[in-house]
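Please examine the sequence and the model before reading each solution.

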Amino acid sequence: MSTQNIAVHLPDGSVKEVPQGTTPLEIANSISPRLAAASVVARLTPVTGAAQATAAADESEAGMYAAQDAAAPRLVDLATPLMEDTKLDLVTEKDPDALKVVRHSAAHVLATAVLELFPETKLGHGPATDAGFFYDFYREKPFTPEDLAAIEKKMAEVVARDEPFMHEFAPREKSLEGFEKDGDFMKTHFVTKFTLPGSEVSFYRNGNFIDFCRGPHVPSTGRVKAFKVLSLAGAYWLGDEKNPQLQRIYGTAFFSKKEMDEHFARLEEAARRDHRVLGKQLELFSIQELAGAGLIFWHPKGAMIRKIMEDWMREECLKRGYQLVYTPHVARVNLWQTSGHEGFYANNMFTPMELDDAMYRMKPMNCPFHILIYKNSPKSYRDLPVRYAELGNVYRYERSGTMHGLLRVRGFTQDDAHIFCMPSQIESEVAACIDFAEAVLHTFGFTEFKVELSTWDPNDRAHYAGSNENWDLAIRSLDNVLKQKGIPYKTMPGEAAFYGPKIDIKLVDVLGRLWQLSTVQFDFNLPARFELEYVGEDGERHQPVMVHRALFGSVERFFGVLIEHYAGAFPLWLAPVQVGLVPISERHAVYAEKVEKALKDAGLRVETDARNEKMNAKIRDFALQKTPYILVFGDKEEGAGTVNVRTRGKTEQVSLSLDGFIAKAKALVASQSTGL
Ligand SMILES: [Zn+2]
Ligand SMILES: [Zn+2]
């Protein structure tokens, strides 16, 4: 039999002519043995032939068994014989796709260990997940924590044996017979469901362990260099409680111990910053079972921070030409019909309540209220732009069980504003909104953010409200402003709401996590629904353009992000208690009063710990509350009119005159500094 050659296209643009049946590993070796050793799997992309889309993956059960789009890149083992022309990418450990592969291979290692220790166990399936992998097992006896430890130990043996993962095929009917005979009800189900009669079924073998699996896998078990068994959970087979209960073992895996350590350190750091934990520990807020889920109670210390946030926001609004308004929490259903919320937003609203004159609903948004204020008196072009701002409480229905601390709630406060302007004013208004958003982020201590511009799908104009001219003008203005400011952004075509394009600003916190907060959103729909008007210079009636914008987004959510960003150690200007006073003994109570008064007169927030406690206990309590400054004083300080200053996060203590300390603290507050 003569061998045919195939063309393998490499990422550098070169093409290798190799005999059919050559493997990616052989090609890698021909390039460099080092590359071969670093490769995990190969990514193949067809270069010829018509794309043949096949059935979509069944996500709920086992997407990995399902057929794929034939034109899409697919990952294969390094040992897979190449049979036709293809593009070939060698996937090394640095490629994010490689992580999923090693995690799936770790799931096989787990199953290998479980069967060696508990041969009576029946196998379900074991996919990789975003954070690791799991494998479902059926065994009458529950696994104990000791069992899990033994399994992890056995896994290390399987890894040390460095067994190659071998891809094998067997006739479907014969495979099913075998699974049925062994009582492997889950494998029987998967093979029946995900393979075609008469086909060859794909298996992976390592040592004596064999599993029904599409792959791909790392070359051998030895490549699973870092792994951990994490937890055990129960799940009914196919999610049906009439079915047997499975035991799902969770784990995670990495290519190196270092990467795994970093992963756990990140998780620990995120847990340390969890705003729900800190909220309790620092007495900032609570959620009360008796009142209901997703409803936030701001305790005095949290409320102090909120007051500072809100004061800052209102002052900035006034400086920037906004007018403040207040509007009700409920309105007649008729209003929500006019605004359209009754139609497209009803599922997100609290159910209506009947009063004697009409049905009412809690407001999910402030927009219609601001529109009513706008409409209350005739407007001329000289009045525009009109900018109404409100810290408005809105209520939205979130399914029970989906609430999460301050981040996902049923009642929250938007720092909401609506700008009504002429088309010619769009660009300057957008520029001002972006400036304002940047000021919010910088003031509250965020230096990095990402911007997305959501535009329409130009091929689908029928589904968008508003004229072409307005859409074009709005998108061009958003575009121009971002370009002029030199702000990098990503355009998201087709991501705009039907009523207008928008800019989303996502801030990046200290852990590199992205948070969607500020939005500047155009609206060509509501001005039409409410028949908004202004009289133009030409004496004619025109429809104003409307912009919704929120910068904190939600005060609750922004606060949650702040707590996590600072790990509760707020900058001085935001700290609910800025200075803790520790008189060394009761003898110093008079001096304590004097210090407290001086600080309060200077506008600082002070708390004196006058308890008859040891000095160190008092210092520790203030430190646990992450108080920025702790002032300690005894005979010496009283005599000299000084204070001993302990600064949060610093070990050295300094002695300052009372006036000196006050001047320093006041300057830091005034500059909204994040340092102490
Ligand atoms: Zn598998
Ligand atoms: Zn709005």
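**Exercise 1.** Determine in which order the 5 strands of the open sheet are arranged, and which strands form its edges.

*Solution.* The model is a predicted one. Step 1: the open sheet has the strand order β2-β1-β5-β3-β4, with mixed pairing. Step 2: β2 (15–19) and β4 (74–76) each pair on one side only, which makes them the edge strands. Step 3: from one strand to the next, the twist averages 40°.

**Exercise 2.** Describe how strand β3 is joined to β4.

*Solution.* Step 1: β3 covers residues 39–46 and runs antiparallel to β4, to which 3 bridges join it. Step 2: Leu44 has Arg74 of β4 opposite.

**Exercise 3.** Which residues coordinate the zinc ion (ligand 1), and are His104 and Cys213 buried or exposed?

*Solution.* Step 1: the zinc ion is coordinated at 2.0 to 2.3 Å by His104 (NE2), His108 (NE2) and Cys213 (SG). Step 2: along the chain, these donors follow the spacing H-x3-H-x104-C. Step 3: His104 lies in helix α3, while Cys213 lies in the loop between β10 (209–212) and β11 (226–236); the pair is 109 residues apart and links distant parts of the chain. Step 4: buried means under 20% relative accessible area. His104, at 7%, is therefore buried, and Cys213, at 1%, is buried too.

Terms used. Residues are numbered from 1 along each chain as its sequence is written. Chains are lettered from A and ligands numbered from 1 in the order in which they are written. This is a predicted model: local features need pLDDT of at least 70, side-chain atom pairs count only at pLDDT 80 or more; totals for chains, interfaces and linings use all residues. Side-chain values use heavy atoms; hydrogens and water are left out. Two strands pair if DSSP finds at least two bridges between them. Helices (H or I, at least four residues) and strands (E, at least two) are DSSP runs, numbered from the N terminus. Axes are lines fitted to C-alpha atoms, for helices over the stretch in contact, and angles run from 0 to 180 degrees between N-to-C directions. Donors are N, O and S atoms within 2.8 Å of the metal (3.2 Å for Na, K and Ca); water is not among the atoms, so sites may look incomplete. Buried means under 20% relative accessible area, exposed over 50%, partly exposed in between (1.4 Å probe, protein chains only).
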